[in-house]
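Dear colleague,

Please find the structure below, handed over for your records. My notes on what was found in it follow directly after.

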Amino acid sequence: MLAAQKLVINKTRQPLAARRCDFAKTCDETNKVDLSKSADAPGLVDLRPTKNRVSPAVSSSETAGQAVVFRIEGFPEQRSLVRHETQMRNFHLLIESGMITILVAGSGLWPLAGQSVAADAPARKPNILVIVADDLGYAEVVCQGAQPIPTPRIHSIRDGGVCFTNGYVTCPVCSPTRAGLLTGRYQQRFGHEFNPGPAAQASDNFGLPLTEITLADRLKQLGYATGIVGKWHLGYKEEFRPGRRGFDEFFGFLGGAHSYVDSGADRNNLIYRDNHRVEEKSYLTDAFGREAVSFIDRHKQQPFFLYLAFNSVHAPLQAPDKYLNRFPEIKDEKRRTFAAMLSAMDDNIGAVLDKLQQEELDEQTLMFFISDNGGPTPQTTSGNDPLHGFKAQVWEGGIRVPYMVKWKGHLPAGKVYQQPVASLDILPTAVTAAGGTLAGDHPLDGVDLTAYLTGQNSKSPHDTLYWRFGPQWAIRKGDFKLLQPPRAAVQLFNLAEDFGEQHDLSAQKPELVKELEKAWKEWDSQLAPPRWKAQQARAARARQRAAR
Ligand SMILES: [Ca+2]
């Protein structure tokens, strides 16, 4: 983490209008304290509040210098790197003059001799917000450029943070992915390999195994208020419910899918507030937005963890006129409804972001946005282009998803990160930011991404990523991916040149196939057998009918 020290200037500010640089116009124009032009400070840290000047510096490979977060009165928090002693000396002049306040400095900061500094002032732990979309395909929220259906509020996370072009989940369907995300561990390590099927047909032992420690458990232990709003899908029985897995509060449903317009549509999968059934009259996506804002309002005075797991844009395709009317140009009814559902989720994410801003919690909130698996395009139109495959498959279209992270003032803004990352990384990144430790008897597969995103570590966070989903499996090592599709021979792709997985290289590179197969088997040998089988709704209903 960058925040190795916290230094707060403890002195009275002096009015320095005569010397103050007009940062709104940039220092170049006033030329009063433009130390970057000074002869004794070539290349001084750029204090201008232009976001494009900050991000490249932070992401530079020449990051041997000190990361400094500072504030100029009247302007948002800034971040920059100081690489030379003369730069730091001039930085000190600005500190001494009262023109800037150093908030956070990187480890190994030059000593601030003679400064009136109160060191080690306790920093408030950041809030953690994890927003999960359901079945949202790679093509629907993109890292760069326009997209088919406008989602300006989700894009504001992208534009203010880091967007992943190679962001993966650990399974191409809902429940196992969530088990991996909330534990930071490959869910196959503890047998959580498949969906349970509908509530009425779920296996008796279905639920995130009680041996596992969730992100909520960890953050609760660190003093966080913890809440889940939305879809749980990690167990129906009492011992598996959110209240027993680290969450103080729960508003949502326990199953894998839910009507958006009838809270009592499935008597086996009702809407709950904690352990009490509630009637919900609002469109469910709006209700989840309302509850998320309420949670923040109730817990804004303390560090909180909010797991906001929308079921949008999972089937059934349902949306009220309020959102449908935004897309009169879309003639295909299915696509129009999907667009309305996505737009509704975007609005409600916007309400959450607005609330954070109103409460001045922007810079105190580390937030993630991710989809739990790829789009089931034939069922909902959720697109994965140009990736190959869909939800429930280990081609890229099933496992590479929209994924982004934002922490204003702490992570770069407007950056696209192209190394492979995983949903597993959310837990270690969040726990580390919260001041927790990752050691313990539950070894994690995820990594803290902070140093990678700030440019302090230029390596890839993961040498290798693995998938196992019944008979399907895959391994990605560097640019190459070997995968076992259902009922077919293994396929090898170079994702750097062919991320649409169109050109199978297995016949051309048999040695690489063997090497990757061996590596996958080594990982596979560490895994537990599935604790329950995949339950297909149609097959389960047929069995039930036959049993009557
Ligand atoms: Ca899903």
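In what follows, axes are lines fitted to C-alpha atoms, for helices over the stretch in contact, and angles run from 0 to 180 degrees between N-to-C directions. Helices (H or I, at least four residues) and strands (E, at least two) are DSSP runs, numbered from the N terminus. The model is predicted: local features need pLDDT of at least 70, side-chain atom pairs count only at pLDDT 80 or more, and totals for chains, interfaces and linings use all residues. Residues are numbered from 1 along each chain as its sequence is written.

The chain holds 15 helices and 21 strands. Of its 548 residues, 48% are buried (20 or more other C-beta atoms within 10 Å of the residue's own, with C-beta atoms placed from the backbone; exposed means 12 or fewer, partly exposed in between).

Helix 7 (residues 284-299) and helix 9 (residues 333-358) have axes that come within 9 Å and cross at roughly 10°. Helix 7 is therefore roughly parallel to helix 9 (an angle under 35 degrees). Residues in contact (C-beta atoms, placed from the backbone, within 7 Å) include Phe288, Ala292 and Ile296 of helix 7 and Met341, Met345 and Val352 of helix 9.

Gln502 lies in the loop between strand 21 (491-494) and helix 14 (510-524). This residue, Gln502, is exposed, with 9 other C-beta atoms within 10 Å. The C-alpha atoms of Gln502 and Leu387 are 9.3 Å apart, although 115 residues separate the two along the chain.

With kind regards

Definitions and conventions
Angles under 35 degrees count as roughly parallel, over 145 as roughly antiparallel, 65 to 115 as roughly perpendicular and the rest as oblique. Two residues are in contact if their C-beta atoms, placed from the backbone, lie within 7 Å.
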